[in-house]
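Here are some friendly notes to read alongside the structure. Take a look at it first, then work through the points in order.

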Amino acid sequence: MMKLLRRLRGEMSCGEVLEVLQAHLDGEVDAETARKVAQHLDKCQLCDHEASVYTRIKSGLASKRRVLDPMILDQLDQFADRLVADGAPPAESD
Ligand SMILES: [Zn+2]
């Protein structure tokens with residue numbers, strides 16, 4: 001019944017949105033579908049979350065790890081600082 005109501009009002013279900021979400025974010029759907037998906041994302045937190053996760057993954061891939069590297073270096077820095085603060089571990093000997 002809900003499905004039928006949604007269909008009559010031209011709204012998409014979560015399943016339908018998730019099916020076309022990637023294409024939508026890549027700008028590969030027609031204007032009418034884009035409008036319906038945007039309308040759904042406006043109201044549905046679940047699909048909106050999916051969309052933001054996909055966007056983040058996509059931009060992460062697009063930047064080719066340039067975003068990740070400083071983060072890893074920062075963590076290594078913090079790790080080194082912690083080692084110094086806790087007292088350096090004994091040097092390894094064979
Ligand atoms: Zn949804």
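1. Let's begin with Met-12. Leaving aside its neighbours within four places in sequence, Met-12 is in contact with Val-17, Lys-36, Val-37 and His-40 (two residues are in contact if their C-beta atoms, placed from the backbone, lie within 7 Å).

2. Before going further, please keep in mind that this is a predicted model: local features need pLDDT of at least 70, side-chain atom pairs count only at pLDDT 80 or more, and totals for chains, interfaces and linings use all residues. Residues are numbered from 1 along each chain as its sequence is written.

3. Now the overall plan. The chain has five helices and zero strands, so the order from the N terminus reads α-α-α-α-α. Helices (H or I, at least four residues) and strands (E, at least two) are DSSP runs, numbered from the N terminus.

4. How much of the chain is buried? Of its 94 residues, 9% count as buried. A residue is buried if 20 or more other C-beta atoms lie within 10 Å of its own, exposed if 12 or fewer, and partly exposed in between, with C-beta atoms placed from the backbone.

5. Met-12 also belongs to the largest nonpolar core, together with Val-17, Val-37, Leu-41, Cys-47 and Ala-51. Helices α3 and α4 are the elements that give two or more residues to this core. Such a core is a set of buried Ala, Val, Leu, Ile, Met, Phe, Trp, Tyr and Cys residues joined through C-beta atoms within 7 Å.

6. Helix α3 deserves a careful look. Val-37, His-40 and Leu-41 are its buried residues. Seen down the axis of α3, they fall within an arc of 100°, so they line one face of the helix (the arc is that of the directions from the helix axis to the C-beta atoms). An α-helix has 3.6 residues a turn, so residues three or four places apart point the same way. What covers the buried residues of α3 includes α2 (14-25) and α4 (45-62).

7. On the other side of α3, the exposed residues are Ala-31, Glu-32, Arg-35, Ala-38, Asp-42 and Lys-43. Why does Ala-38 count as exposed? Because it has 12 other C-beta atoms within 10 Å.

8. Compare that with Lys-58, which sits in helix α4. Lys-58 counts as partly exposed because it has 13 C-beta neighbours inside 10 Å. The C-alpha atoms of Lys-58 and Leu-25 are separated by 9.6 Å, although these residues are 33 apart along the chain.
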